[in-house]
Structures are given as C-alpha cells and as structure tokens.
Amino acid sequence: MQSLQLRNPEKLAEVYSRVAQEAVPIKNVVRGGSDLRKLDEAGSNLEFVITYTFKPGRFAKEKTVVAVIPVKRSANGVFVGDVGATVFRVLSLKKGNFEEEWSGSLEEAKAQLPDVASAFEADIKAIAEMFSKSS
C-alpha cells in the first residue's frame, strides 16, 4: 500500500466522499472532506488532501488533522500517489486562525496519532479498491 495508481485523479475527491460515508467509524476521529490541488500549470504534480477532526480526550479541544498525499504523473501517463510520502499536519484553532501544532510522516503519525493514522490507512485501502474495480 505504498502507492495509488490512478488514470483519472480528478475522481479522487468524489471516490473519497463515498469511502468516508461508508467507512466504519473510529473512536475520536471524524472524517472530513478532501480536495485535489494542482501544483503546476500542466497538472503533472498534484496534492490530494484529506481532512480529519480528532478529539484526543474527553475534555480536550478538537484538532484538525490534514493528510497531504503527493500525486505525480509518471512517464506512461498514469498518476501515482506516494502514500509513504504522506505528510500529516495537526492544526488547532487559536484566536480565529489555524496554527500548526505538529507535522510528520505517516510512520510518525502512527506513533503520535494512531487513531487518525488507522482511519487514513483504511480510507486509502478503500480508495485503492474502488479504483481497481472501476478500471
């Protein structure tokens, strides 16, 4: 599960919304939305962003966790999302603005945010399965 191979990355957000609705709930984690951002004019470099809301404890404030997956077009025209290079960012609302509290890789997120990391891995697995069915 180190990469997602996609012919049509524009459908990622649509597929994720279906995955998020059908996914098994994970305690303290709420699945949010997703977005696909183009990083260059040609559309060869993209970022797929998934948002989660995480409440670490009963009296703790909610935190927003953003997972950013780099997606690049390969030489044969297929887009490859490098799941291993995913960056997680924990944001909290302070004085009306989001401030980054923590940032790390998928491996670091498994240690720091195990609930969010397991939700992310389940979502990526479901996305990969949906794309493999459609192609």
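1. In which helix is S132 found? This is a predicted model, and in it S132 is found in helix α3. S132 is partly exposed, with a relative accessible area of 49%, and that value falls in the class between the two cut-offs because buried requires under 20% and exposed requires over 50%.

2. The C-alpha trace spans about 50 × 30 × 25 Å along the principal axes of the chain.

3. Among the contacts in the chain with a separation of 6 or more, 46% are accounted for by residues 24 or more positions apart. The chain exposes about 8,100 Å², of which carbon and sulfur atoms supply 49%.

4. The largest nonpolar core deserves a careful look. It has 30 residues, of which Y52, F120 and I127 touch the most other members. The elements that give two or more residues to this core are β1 (3–6), α1 (12–22), β3 (45–54), β4 (63–73), β6 (87–94), α2 (106–112) and α3 (114–134). Helix α3 gives the most to the core, with 7 residues. As general background, nonpolar side chains in soluble globular proteins tend to be buried together.

5. When residues up to four places away in sequence are not counted, I127 touches L4, L12, V15, Y16, V19 and F48. Four of these names return in helix α1, where L12, V15, Y16 and V19 are buried. Seen down the axis of α1, the buried residues fall within an arc of 100°, so they line one face of the helix.

6. In one of them, Y16 and F48 are arranged edge-to-face, with 6.4 Å from centre to centre and 75° between the planes. This pair links distant parts of the chain, since Y16 is in helix α1 and F48 is in strand β3, 32 residues apart. Y16 is buried, with a relative accessible area of 1%, and F48 is likewise buried, with a relative accessible area of 1%.

7. A further aromatic pair is formed by F88 and F120, whose ring centres are 5.1 Å apart and whose planes stand at 80°, so the pair is edge-to-face. F88 lies in strand β6 and F120 in helix α3, so this pair ties together parts that are 32 residues apart in sequence. F88 counts as buried at 0% relative accessibility, and F120 is buried as well, with a relative accessible area of 0%.

8. Turning to the loops, K61 lies in the one between β3 and β4. K61 is exposed, with a relative accessible area of 67%. Leaving aside residues up to four places away in sequence, K61 touches F54 and P56. K61 and E101 are 40 residues apart in sequence, and their C-alpha atoms are 13 Å apart in space.

9. N28, in the loop between α1 and β2 (29–38), has a positive phi near 70°, and N28 is partly exposed, with a relative accessible area of 32%. K95, in the loop between β6 and β7 (97–105), has a positive phi near 55°, and K95 is exposed, with a relative accessible area of 87%.

Conventions
Residues are numbered from 1 along each chain as its sequence is written. Side-chain values use heavy atoms; hydrogens and water are left out. A nonpolar core is a set of buried Ala, Val, Leu, Ile, Met, Phe, Trp, Tyr and Cys residues joined through side-chain atoms within 4.5 Å. Buried means under 20% relative accessible area, exposed over 50%, partly exposed in between (1.4 Å probe, protein chains only). Helices (H or I, at least four residues) and strands (E, at least two) are DSSP runs, numbered from the N terminus. Contact means heavy atoms within 4.5 Å. Rings of Phe, Tyr and Trp (its six-membered ring) pair if their centres lie within 6.5 Å; planes under 30 degrees apart count as stacked, over 60 as edge-to-face and the rest as tilted. The arc is that of the directions from the helix axis to the C-beta atoms. Accessible areas come from the Shrake-Rupley method with a 1.4 Å probe; for residues, only the protein chains shown count as cover.
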